[in-house]
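Student: I'm new to this structure and would like to learn how to read it. Could you walk me through a few features?

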Amino acid sequence: MSGTNERSALSIAQRQFDAAADAIGLDDSLRAVLREVKRELVVHFPVEMDDGSFRVFTGFRVQHNIARGPAKGGLRYHPAMTLDDARALAMYMTWKTAVADVPFGGAKGGVICDPNILSDGELERLTRRYTAQILDFIGPDRDVPAPDMNTNERTMAWIMDTYAMHAGHATTAVVTGKPMELGGSRGRKEATGRGCMMVTLNALKRFGLTPETTRVVIQGFGNVGGMAARLMAKAGFRIVAIVEYDGAVRNDNGLDIPALETWRRENGSVNGFPGGEAIDKHEAMFLECEVLLPAATENVITSENAAKLNCRILCEGANGPTTHHADEILARKNIFVIPDILANAGGVTVSYFEWVQDRQGYFWNEELVNSRLGEIMDESFDAVVAYASRHNVDNRTAAYMLALDRVATAMRLRGIYA
Ligand code: NAD
């Protein structure tokens with residue numbers, strides 16, 4: 001695995017790993033093991049298209065580490081998906097599950113395809129063929145996929161059904177992010193956005209801020225950003241701007257988030273929303289605010305724009321929104337970063353709850369899900385911040401050091417071959 005580009009996901013993942021490995025003084029043997037993924041599967045499989053022809057698709061499933069439990073990670077459908085992306089994202093998952101201290105390792109998968117030009121039937125056949133190809137690789141005790149970019153609960157239902165057909169019995173715990181009717185968990189849809197709010201609330205206390213005195217700019221109004229916006233507005237935060245790929249909307253008194261959700265649903269865009277004014281989507285990121293919450297995509301905060309950020313807290317809802325070079329600038333600006341592997345761990349935490357509930361065959365109410373999520377997010381936040389202060393490093397390095405420490409300890413206990 002190699003890469004030197006500031007924006008290459010794998011190169012960023014490896015740099016962050018190297019920094020943390022140096023900081024905890026990780027020995028060469030463990031470093032060599034953890035710098036590589038444990039197992040990777042590349043599959044090429046035919047899918048019957050609606051016109052009767054067959055097309056061959058390529059998919060991946062990569063498991064980075066399984067020392068602490070079954071591999072866990074999303075499944076992405078994207079035309080630009082690469083094996084290197086899957087490796088990098090699998091590595092991230094190992095650290096994320098370790099920071100949240102849930103008993104999983106890290107994995108990621110994907111299929112190179114453009115779901116926008118596939119019919120529902122084609123998508124279903126593609127998902128089932130892909131699942132059949134990776135059947136021996138996944139399972140409740142082996143590797144538990146979940147939704148990621150362009151996959152959703154319907155995709156998970158198809159995977160679960162295909163797996164169950166081969167197993168000969170229902171096996172709900174093979175995937176998470178399922179529909180409620182098929183063993184999904186209450187609170188899963190809101191979990192990542194809710195987790196972002198929970199860690200932000202912890203950060204506010206350090207600045208003597210309350211939700212009412214906190215202005216928030218959110219990039220991305222999808223699952224993570226939209227849910228964070230809704231929950232944070234309800235909790236009293238002032239959401240002063242929402243930034244989308246095709247425009248941004250601003251209201252210094254706080255946007256009416258439910259109204260904006262309705263507007264976007266009906267008009268397909270945040271643009272033209274009467275409850276705010278249009279603002280250039282690039283400039284919106286630099287508005288003065290207490291919290292900036294990038295929740296759209298990776299590499300949006302780079303060495304080219306980091307100096308212009310005007311926030312006190314950066315809560316990384318998206319995976320990898322900040323490049324390594326940008327991190328150095330943020331540190332100089334004294335911006336309190338809640339790194340992605342902590343900030344967006346709410347999703348994998350409730351995925352863990354889903355897996356537990358499926359295996360128990362006993363389902364929790366939403367209050368219990370949310371309170372247990374709160375416990376884990378608060379504990380993880382405290383652990384990362386304490387680690388940062390004890391070792392005099394930034395929060396991102398601390399989160400990686402903590403994760404690496406936990407994974408390395410598990411590997412030493414099991415023997416380095418885990
Ligand atoms: P999503 O597709 O539901 O939402 C993303 C939103 O961002 C969309 O509204 C899209 O239009 C917008 N967007 C895309 N590119 C943009 C750009 N350049 N500028 C502004 N807006 C842009 O996706 P999601 O599930 O909310 O995931 C967002 C990020 O959070 C991704 O990095 C994902 O990997 C990460 N994440 C998601 C979860 C989860 O539970 N959904 C968990 C952990 C991490």
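Student: Which residue follows α13, and is its phi positive or negative?

Tutor: Asn-392 follows α13, and its phi is positive, near 55°. Helices here are DSSP runs of H or I with at least four residues, numbered from the N terminus. This is a predicted model, where local features need pLDDT of at least 70, side-chain atom pairs count only at pLDDT 80 or more, and totals for chains, interfaces and linings use all residues. Residues are numbered from 1 along each chain as its sequence is written, and side-chain values use heavy atoms, leaving out hydrogens and water.

Student: Which residues of α13 are buried?

Tutor: Buried means under 20% relative accessible area (1.4 Å probe, protein chains only). In α13 the buried residues include Val-369, Leu-373, Ile-376, Met-377 and Ser-380. An α-helix has 3.6 residues a turn, so residues three or four places apart point the same way.

Student: How many residues of α14 are buried?

Tutor: In α14, 14 of the 20 residues are buried, so this helix is mostly covered. Just after α14, Gly-415 takes a positive phi of about 105°.

Student: At what angle do α1 and α14 pack?

Tutor: Axes are lines fitted to C-alpha atoms over the stretch in contact, and angles run from 0 to 180 degrees between N-to-C directions. Helix α1 (residues 9–24) packs against α14 at about 70°, with the axes 9 Å apart. That makes the pair roughly perpendicular, a term for angles of 65 to 115 degrees.

Student: Which residues meet there?

Tutor: Contact means heavy atoms within 4.5 Å. Among them are Phe-17 and Ala-20 in α1, and Tyr-400 and Leu-404 in α14.

Notes:
Buried means under 20% relative accessible area, exposed over 50%, partly exposed in between (1.4 Å probe, protein chains only). Helices (H or I, at least four residues) and strands (E, at least two) are DSSP runs, numbered from the N terminus. Angles under 35 degrees count as roughly parallel, over 145 as roughly antiparallel, 65 to 115 as roughly perpendicular and the rest as oblique.
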